[in-house]
Amino acid sequence: MDSLTQIVLGAAVGEVVLGKKVGNKAMFYGAIAGTIPDLDVLARNFTDTITATELHRGFSHSIVFALLMAPLLGWLVDRIHHKQASWKGWTLLFFWGLSTHPLLDIFTTWGTQLFWPSEWRLAFNSIFVIDPLYTLPFLICILIAAFRKRGSLSRKRINHAGLIISSAYLLLTLVLKFAVHQQFEAALAEQHIDYRQISTRPSPLNTILWNANVETEDAYLIGDYSFFDTQPIAFQSYPKQRERAQQWIQKPNVQRLINIAQGWYLITEEEGQWHFNDLRFGLIPIDPEQPQFVFRYALSLNEQGEVVATEDRPTPEDTSAVFSTLWQRICGN
């Protein structure tokens, strides 16, 4: 999830653990704990794009990381605020702040190595990385609680309300995902489409409009469905064209990208430039005639003949038009 959401979650968890003893300091250090796992993005400043992408949501998002870092951070804060709370109390605060961060992230699309060193990545694909319906009520509750008297019943109830509302919304996204999955499967059956696997996820900023990737033998089908739709689901086909891209597929670094994308990928060529497209995050409607995938990498070869991948995300010139298109699609087909 986005940084603000993780800060709010960490602050709420900190309040639960130590709010009665140290007041807003618990929220402050809980917010810090909720931010720390995402510092893995700094790896982009020290290594190549592929390695940094592999590291994201890896070790720093694991239970092992929380177990190792919580006692150290707890000791450090205990030294700063001596006698306000015990080392054990600060350690529990940091453990829950560090561990609830990846627990929330597993509801998104990227995938989280919660059980590192296992390479298995959990991804429920039920909520977009930024979702106002999750964050805003939670944020309002934590801000109100912060101005209530330390240890008061109203402070406790408001903070708990934020946790309950946000958690209930997360569970609701799983229910919505199940219902949407049934809709896509029914559409595929009605259109007599044979497929190997299907992956569904919500579109940006909402859980009303959902996207699906469908793998067939020689193509990927991409479709969307809104709970306000009145017309059948339509799928757009993107041929795999694996033979044409074989020169890149056999390269070790491209194999790493394929592993990152969990097999959902296309390698395309535009005016002599080859791109690796990660299909898991869908399309961005910059140009209705030529939609682009949100996550794509420009491929090139260095002097040693190794593949170098450079992020090449589309940057819409008219952001308002993109949001207008999204809103219109949310309202139904």
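Select P117 to begin: this residue is found in the loop between helix 5 and helix 6. The model on the screen is predicted. The peptide bond that leads from W116 into P117 is cis, and its omega is near 15 degrees. For background, most peptide bonds are trans.

**Stop 1: W110**

Remain in the loop between helix 5 and helix 6 and select W110, which also lies there. Is W110 buried or exposed? W110 has a relative accessible area of 9%, so W110 is buried, given that the term applies under 20%. Next, display the residues around W110. Leaving aside residues up to four places away in sequence, W110 touches T53, H56, R57, R121, R280, F281, F295 and Y297. W110 and F124 are 14 residues apart along the chain, and their C-alpha atoms are separated by 9.3 Å.

**Stop 2: helix 2**

Select residues 24-35, which make up helix 2. This helix has 12 residues and reaches 17 Å from its first C-alpha to its last, close to the 16 Å expected at 1.5 Å a residue. Which residues of helix 2 are buried? They are A26, M27, Y29, G30, A31, A33 and G34. To see what covers these buried residues, colour the helices separately: the cover includes helix 1 (3-22), helix 4 (63-80) and helix 5 (87-105). Helix 6 (132-146) and helix 7 (153-190) are also included in that cover.

**Stop 3**

Move along to F46, found in the loop between helix 2 and helix 3 (49-55). F46 counts as exposed because its relative accessibility is 72%, and the term requires over 50%.

**Stop 4: two residues with positive phi**

Select Q241, whose place is in the loop between strand 4 (235-239) and helix 8 (246-249). Phi of Q241 is near 50 degrees, a positive value in a residue other than glycine. Most residues other than glycine have a negative phi. Q241 has a relative accessible area of 43% and is therefore partly exposed.

Continue to E271, in the loop between strand 5 (265-270) and strand 6 (273-284). What is the phi of E271? It is near 50 degrees, again a positive value in a residue other than glycine. With 84% relative accessibility, E271 counts as exposed.

**Last stop: the whole chain**

The chain contains 10 helices and 8 strands. Turn the view slowly: along its principal axes, the C-alpha trace spans about 65 × 55 × 35 Å. A compact globule of 333 residues would have a radius of gyration near 20 Å, and the 22 Å of this chain agrees with that.

Switch to a surface display. The accessible surface of the chain comes to about 17100 Å², and 61% of this belongs to carbon and sulfur atoms. Of the 333 residues, 49% count as buried. Finally, consider the contacts in the chain with a separation of 6 or more: residues 24 or more positions apart account for 54% of them.

How values were computed
Residues numbered from 1 in each chain as written. Predicted model: local features only at pLDDT ≥ 70, side-chain atom pairs only at ≥ 80, totals over all residues. Heavy atoms only, no water. Helix = DSSP H or I, 4+ residues; strand = E, 2+ residues; numbered from the N terminus. Expected span 1.5 Å × (residues − 1). Buried < 20%, exposed > 50% of the residue type's maximum accessible area, 1.4 Å probe, protein only. Contact = heavy atoms within 4.5 Å. Rg over C-alpha atoms; globule rule 2.2 N^0.38 Å. Areas by Shrake-Rupley, 256 points an atom, 1.4 Å probe, with all protein chains shown as cover.
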